[in-house]
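I opened a new page in my notebook for this one. These are my notes on what I looked up, in the order I did it.

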Amino acid sequence: MMQSIRRRRESATYLLGVRIDGLRLPELLDRVVRSVETGRKETILYVNAHCMNVQHRDPAYRAILADVDTVYCDGMGVALAARMTGQTIPQRMTGADWIEDLCRLAAARNLSLYLLGGTSEAVHGAAAALRRRHSGLQIVGEHDGYDVGPDLVNEINELHPDIVLVGMGVPRQEKWIVRNRSQLDTPVVWAVGGLFDFVSGRVPRGPKWMTEHGLEWLCRLVAEPRRLWRRYLLGNPRFLWHVLVTHATVPADRPGVLPGTAAPPP
């Protein structure tokens, strides 16, 4: 176990003090399978530019990112910022890209899913769409992200899913996961943000050439300008400026480490 953790840390990127695991999608899905097979709990979170801005002002969320099993890169802004600091993130993985791979894997290996989050229309629509696209896929339950009462964990445990996908937005979903993780019997709990809106078709993704070239944020801004203009038009430049200012004083042999903080764990 300690050797596995050490390898994870050695391959990680450290950006504004946040550890981002150096993973490609096959490696991430392999962690999911191993967790289910061994019964070892795995909690998976993501970071993008918005997440990095939130953690800067939210110490509780920042502590969650520091303590969780896996944190992967979800946004092109984070990948670009890593390059600015002399580091490399192997792959940017957005939920709308990996969900089909996960469902194919789950159907082939008889792994069951539970979808939690979003509006009732989004989560039920996402479940229906995934069942149509993946024959044999087991989605044992779905629940919106608003009526999350104290009995919900018991309801999930009674269904025995292998993987719970939690989409409540940052940092609410992460705080819900951490608050309930010890009671959840599920091997894998994975934060997914607004994934169910995309899968259900409620929010369009935009053309493939844009999503493949780091312009997915622009597609989302066009689709939801009132809700997202501050996040992208103000938040993205703020994040990159913070990276430039902060990491300009970092020694070359300690990339990603904030001034005045300890080096990444050995």
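This is a predicted model: local features need pLDDT of at least 70, side-chain atom pairs count only at pLDDT 80 or more; totals for chains, interfaces and linings use all residues.

Before counting anything, I wrote down what buried means: under 20% relative accessible area, with exposed being over 50% and partly exposed in between, using a 1.4 Å probe and protein chains only. With that rule, 52% of the 266 residues of the chain count as buried.

Residues are numbered from 1 along each chain as its sequence is written, and side-chain values use heavy atoms, leaving out hydrogens and water.

**Entry: overall layout**

I looked up the helices and strands, which are DSSP runs numbered from the N terminus (helices are H or I with at least four residues, strands are E with at least two). The chain has 13 helices and eight strands. Next I checked contacts, meaning heavy atoms within 4.5 Å. Among those between residues at least 6 apart in sequence, 71% join residues at least 24 apart.

**Entry: the core**

A nonpolar core is a set of buried Ala, Val, Leu, Ile, Met, Phe, Trp, Tyr and Cys residues joined through side-chain atoms within 4.5 Å. The largest one has 73 residues, and W98, L113, L115, L165, W176 and W190 touch the most other members. I picked W98 and skipped its neighbours within four places in sequence; its contacts are then L25, Y72, M93, L165, W190, V192 and L195.

**Entry: salt bridges**

How many salt bridges are there? I used this rule: a side-chain nitrogen of Lys or Arg within 4 Å of a carboxyl oxygen of Asp or Glu. The count comes to nine.

R19 and D21 make one of them, at 3.1 Å from N to O, and both residues are buried. E37 pairs with R109, with the closest N and O atoms 3.4 Å apart. E37 sits in helix α2 (residues 25-38) and R109 in helix α6 (residues 95-109), so this pair ties together parts that are 72 residues apart in sequence. E37 is exposed at 58% relative accessible area, while R109 is partly exposed at 47%. I also found D197 with R202, at 2.8 Å from N to O.

**Entry: two helix pairs**

Packed helices get described by the angle between their axes and the distance between the axes. Axes here are lines fitted to C-alpha atoms, for helices over the stretch in contact, and angles run from 0 to 180 degrees between N-to-C directions.

Helix α4 (residues 59-67) and helix α9 (residues 172-180) have axes that come within 10 Å and cross at roughly 65°. A60, Y61 and I64 of α4 make the contact with E174, K175 and V178 of α9. I sorted residues by class: Ala, Val, Leu, Ile, Met, Phe, Trp, Tyr, Cys and Pro are nonpolar, Asp, Glu, Lys and Arg are charged, and the others, Gly among them, are polar. This contact has four nonpolar, no polar and two charged residues.

For helix α3 (residues 49-57) and α4, the axes come within 5 Å and cross at roughly 120°. That contact divides into five nonpolar, two polar and two charged residues.

The peptide bond from V170 to P171 is cis, with omega near 0°, and P171 is in the loop between β7 (163-167) and α9. L16 is not a glycine, yet its phi is positive at about 50°. L16 is buried, with a relative accessible area of 4%. N110 has a positive phi of about 60°, also without being a glycine, but N110 is exposed at 55%.
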